Amino acid sequence: MEYNFKALSAKKAKFVLALAHRIVPETSKLGEDEKCELLHVVDDALAARGPSIRIQMIIFLEIIRWSPFFRFGKPLEKLTTEVQDELLAEFQNSLIPRVRTGFWGLKTLIFMGYYGNCKRWGQIHYTPVLNGNEKLHV
Amino acid sequence: MGMRNSMFEKQFDIIIIGSGASGGVIAKELSPLCKQGLSVGVIEWGPKLKKEEFTGRELEMVNRLYFDGGGVLTKDSSITIALGKAYGGSTVIYTGTSLIIPQDVLEDWEIKGLEYEDIRRRSEKYFKENNVVLMEPELINENNRLFLDACKKLGYRVGQFPVNVKGCQGAGMCNLGCPHEAKMGAHVVQLPEAEKNGVQVITNCKIERIEDRICYAKVENADCGYPSAWEPGQYKIKAKLIVVCAGAIHTPALLLRSKLPGNFPALGRYITLHPALILAGRHERPITNFYGHPKSYYCDHFAKTKRFMLETCMYFPFTTAKSLTGFGEDHSAMMSDMDRLQMIIVLAFDRPLASNCVMIDSKGNPIVDYKVSEEVMDALFESMIVTARILFASGVKRVHAPAGKKFFIEDAEQDKLEELMSREMLKTGRVSLASAHVMGTCRMGEDPVTSVTDQWGQVHGIPWLFVADSSIFPKCSEVNPYITIMALADRIAEHIRNNIQELMNP
């Protein structure tokens with residue numbers, strides 16, 4: 001996969017993808033090009049943010065990745081999926097508000113990369129039309 | 001060439017900053033002055049999109065029409081704020097729900113001279129002007145009808161939203177800008193009328209600061225829409241009168257970074273947001289939800305006792321995904337059948353606190369420092385139990401509530417809602433809070449210590465500067481605010497017209 005991103009390094013992009021597989025399991029079934037599309041959306045959204053938010057999110061990615069090291073001796077993506085999910089839930093429910101909002105920000109970026117792509121809409125049975133009123137009594 | 005040398009100069013008698021609900025009304029109401037020889041200009045930061053650019057594609061449209069792609073965050077990142085940035089402001093991206101502010105709420109504002117009957121009359125004026133109607137029953141989708149029936153079944157007071165549409169085809173894309181121009185916002189009604197009467201509208205132009213009867217601005221074309229009427233560059237714009245209508249975040253930010261004569265301790269303070277969250281239920285069968293107008297009913301049964309209101313809604317895939325709590329298999333299961341989802345949005349009524357405020361950073365950008373109060377969290381928690389009841393009474397098989405102890409509450413468990421939800425689970429960051437109703441920050445009042453403008457929107461001690469948007473609300477409106485914004489703007493425009501000689505020749 002070729003990376004030519006604005007805010008993410010190749011390593012961080014790879015970790016975002018690993019995270020995406022836990023946040024939206026369907027992302028693991030995406031082809032290489034589709035994964036790249038997802039990462040580009042995440043990268044664009046990060047790049048469009050002010051430097052302060054961008055840096056916070058990049059640091060938060062590192063925290064999520066490496067915080068398991070002290071307990072398990074491995075970064076997050078090397079753990080079993082069950083343990084990864086438990087740890088991510090801990091971030092989501094953390095007692096520290098900044099940790100919770102940081103996790104919310106990351107998962108939101110991944111949701112944006114996946115559900116924001118209209119190529120996914122058919123799979124989730126979202127089929128809007130311009131003349132929706134005509135569909136009301138079909 | 002230095003910046004000073006490259007600065008263009010322009011001059012108007014009256015400048016209106018912002019072109020949304022308030023800017024549009026002020027522009028239209030002052031436009032007859034053009035026939036008397038006065039020049040009136042509207043300066044809009046955002047672009048004017050071409051009709052074919054309203055594609056209904058979520059990410060594309062939020063990036064074209066919203067500040068920060070719809071993701072303006074509070075300082076602690078606990079609430080996302082939706083703010084329109086376009087010709088027509090937020091009227092391009094709202095659902096057009098039109099409610100008159102309740103009498104007791106307006107009276108509780110305690111603004112001397114501001115009478116309910118006057119605001120009601122002016123609101124009704126905009127009901128007519130913007131074609132506010134009740135959608136015909138056959139055009140109401142199941143997402144809305146099921147809510148209505150369930151509220152009735154449970155004995156909750158429910159009302160139909162009057163909406164400002166003409167020729168609605170039910171694309172369901174109101175929040176992404178109507179592709180049919182069927183929503184009668186300021187971009188369709190007030191601004192074209194103002195332009196017809198001689199008002200100039202300059203898009204893609206950001207006012208950077210205000211000095212004594214001078215605005216400093218920058219024109220920079222967006223990568224969509226029509227180019228600005230002015231060429232890109234820095235501008236110095238002289239005006240005898242300036243009316244700021246940039247919304248309750250960008251108005252105080254602009255005033256804070258301007259060199260205004262005087263001291264304004266209340267500037268930026270007392271912001272209210274109507275903090276909101278979404279509950280979704282899943283039916284066993286597809287329902288009509290993203291077809292048809294998305295927002296037809298509201299339930300204000302608990303407005304006075306519990307300080308929250310419920311509204312029907314239907315959002316787009318990304319917005320829906322980020323509004324649910326959690327991630328992984330359960331989240332995906334909920335998202336996998338968008339056509340089976342029934343959604344309800346809850347809005348809590350927050351109180352104006354001086355500590356909740358808009359500040360600016362070192363570059364002059366707004367920072368919204370807002371702490372969600374325990375009272376609001378309590379209201380949101382209670383609202384979730386009520387909303388889950390409504391969803392189950394609508395026939396859904398499972399409900400996702402942000403304060404649920406587990407992702408789904410099944411219909412067999414609906415008698416145990418209080419047990420299955422926990423106030424402890426309702427924590428900022430864990431649940432997704434949003435706001436589309438930003439109010440306060442330049443509140444009206446008599447005391448310059450606790451207010452910024454008088455009852456006519458005139459900034460205390462500055463006869464050439466008015467504010468006319470929702471930032472003048474002293475407290476939240478407890479209903480969707482746009483009609484009240486228009487009514488107040490209408491009142492301010494009338495005051496300006498009545499005093500034009502004095503204002504033009506101080």
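Trainee: What share of the contacts in chain A with a separation of 6 or more comes from residues 24 or more positions apart?

Mentor: Two residues are in contact if their C-beta atoms, placed from the backbone, lie within 7 Å. In chain A, residues 24 or more positions apart account for 61% of the contacts with a separation of 6 or more. For chain B, the corresponding share is 76%. Please note that this is a predicted model, in which local features need pLDDT of at least 70 and side-chain atom pairs count only at pLDDT 80 or more, while totals for chains, interfaces and linings use all residues. Residues are numbered from 1 along each chain as its sequence is written, and chains are lettered from A and ligands numbered from 1 in the order in which they are written.

Trainee: How many helices and strands does chain A have?

Mentor: Helices (H or I, at least four residues) and strands (E, at least two) are DSSP runs, numbered from the N terminus. Chain A has six helices and zero strands, which gives the pattern α-α-α-α-α-α along the sequence. Its C-alpha trace spans about 60 × 30 × 30 Å along the principal axes.

Trainee: How many helices and strands does chain B have?

Mentor: Chain B contains 15 helices and 21 strands. Its radius of gyration, taken over C-alpha atoms, is 22 Å, close to the 23 Å that the globule rule (2.2 Å times the number of residues to the power 0.38) gives for 506 residues, so chain B is as compact as a globular protein of that length. The C-alpha atoms of chain B fill a box of roughly 70 × 45 × 45 Å, taken along the principal axes.

Trainee: What percentage of the residues in each chain count as buried?

Mentor: A residue is buried if 20 or more other C-beta atoms lie within 10 Å of its own, exposed if 12 or fewer, and partly exposed in between, with C-beta atoms placed from the backbone. Of the 138 residues of chain A, 37% count as buried. Of the 506 residues of chain B, 59% do.

Trainee: Is B:Glu9 buried or exposed?

Mentor: B:Glu9 is exposed, because 9 other C-beta atoms lie within 10 Å. This residue belongs to strand β1 (residues 8–17) of chain B.

Trainee: Which elements of chain A give two or more residues to the side that touches chain B?

Mentor: The contact takes 34 residues from chain A and 38 residues from chain B. On the chain A side, the elements giving two or more residues are α1 (10–23), α2 (32–48), α5 (81–92) and α6 (97–115). Of these, α6(A) gives the most, with 10 residues.

The side of chain A that touches chain B has 18 nonpolar, 10 polar and six charged residues.

Trainee: Which domains does the assignment give for chain B?

Mentor: Domain bounds come from an automatic or database domain assignment. For chain B it gives domain 1 (6–131 + 168–264 + 442–506) and domain 2 (134–165 + 276–349 + 373–427). The C-alpha centres of the two domains lie 32 Å apart. Their contact takes 18 residues from domain 1 and 18 residues from domain 2.

Trainee: Which residues does B:Ser383 touch?

Mentor: Not counting residues up to four places away in sequence, B:Ser383 touches B:Phe308, B:Leu310 and B:Val346. B:Ser383 is in helix α12 (residues 374–393) of chain B and counts as buried, with 27 C-beta neighbours inside 10 Å.

Key
Ala, Val, Leu, Ile, Met, Phe, Trp, Tyr, Cys and Pro count as nonpolar, Asp, Glu, Lys and Arg as charged, and the others, Gly among them, as polar.
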